Amino acid sequence: MADREQPVTLRTRKFIRNPLLGRKQMVVDVLHPSRPNVSKDELRSKLAELYKSNKDSVSVFGFRTQYGGGKSTGFALIYDSNEAMKKFEPHYRLVRYGQATKVEKASRQQRKQRKNRAKTVRGTAKTKGVEKKKK
């Protein structure tokens with residue numbers, strides 16, 4: 001883990017305080033000349049330290065590394081409280097940060113196949129695996 005010791009510089013641009021959503025939002029430029037990129041987890045902890053906040057109330061996403069490396073740009077949201085984060089942040093990002101559980105469901109193809117099988121037995125009880133009527 002020698003990468004963690006390499007220097008990383010964070011610069012924030014377009015800083016906006018959004019009181020309606022209870023957060024601060026900004027564009028983050030990460031300068032990492034001697035590293036390929038920086039993990040989102042590390043960025044969350046550095047931003048929390050920078051803005052005197054809790055790591056659990058920081059959300060970072062949309063990072064793209066510039067061609068040639070050395071600089072990445074993305075977006076960061078720092079919520080005032082965990083309640084505001086749970087209320088306004090999309091569920092998939094809460095799952096990513098371990099603050100919500102992923103809803104397990106059948107694959108899209110299986111759901112469509114089940115729907116179409118149910119359409120063939122119109123008017124009868126829709127149970128799993130019903131055979132077609134013979135003419």
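Before naming any helix, I note that helices here are DSSP runs of H or I with at least four residues, numbered from the N terminus. I also keep in mind that this is a predicted model.

Entry 1, the helix. I looked up Arg-108 and found it in helix α4, which covers residues 108–120. Is Arg-108 buried or exposed? Its relative accessibility is 56%, so I log Arg-108 as exposed.

How many salt bridges does the structure hold? I get 5, and I went through some of them.

One of them joins Asp-41 to Lys-55, with 2.6 Å between the closest N and O atoms. Asp-41 sits in helix α1 (residues 40–50) and Lys-55 in the loop between α1 and β3 (58–65), so this pair ties together parts 14 residues apart in sequence. I have Asp-41 down as partly exposed because its relative accessibility is 39%. Lys-55 is partly exposed too, at 29%.

Next I checked Glu-42, which bridges to Arg-35 with the closest N and O atoms 2.9 Å apart. Both Glu-42 and Arg-35 are buried.

Then came Arg-93 with Glu-89, where the closest N and O atoms are 2.7 Å apart. Buried means under 20% relative accessible area. Arg-93, at 10%, therefore counts as buried, and Glu-89 is buried with 5%.

How values were computed. Residues numbered from 1 in each chain as written. Predicted model: local features only at pLDDT ≥ 70, side-chain atom pairs only at ≥ 80, totals over all residues. Heavy atoms only, no water. Helix = DSSP H or I, 4+ residues; strand = E, 2+ residues; numbered from the N terminus. Buried < 20%, exposed > 50% of the residue type's maximum accessible area, 1.4 Å probe, protein only. Salt bridge = Lys/Arg side-chain N within 4 Å of Asp/Glu carboxyl O.
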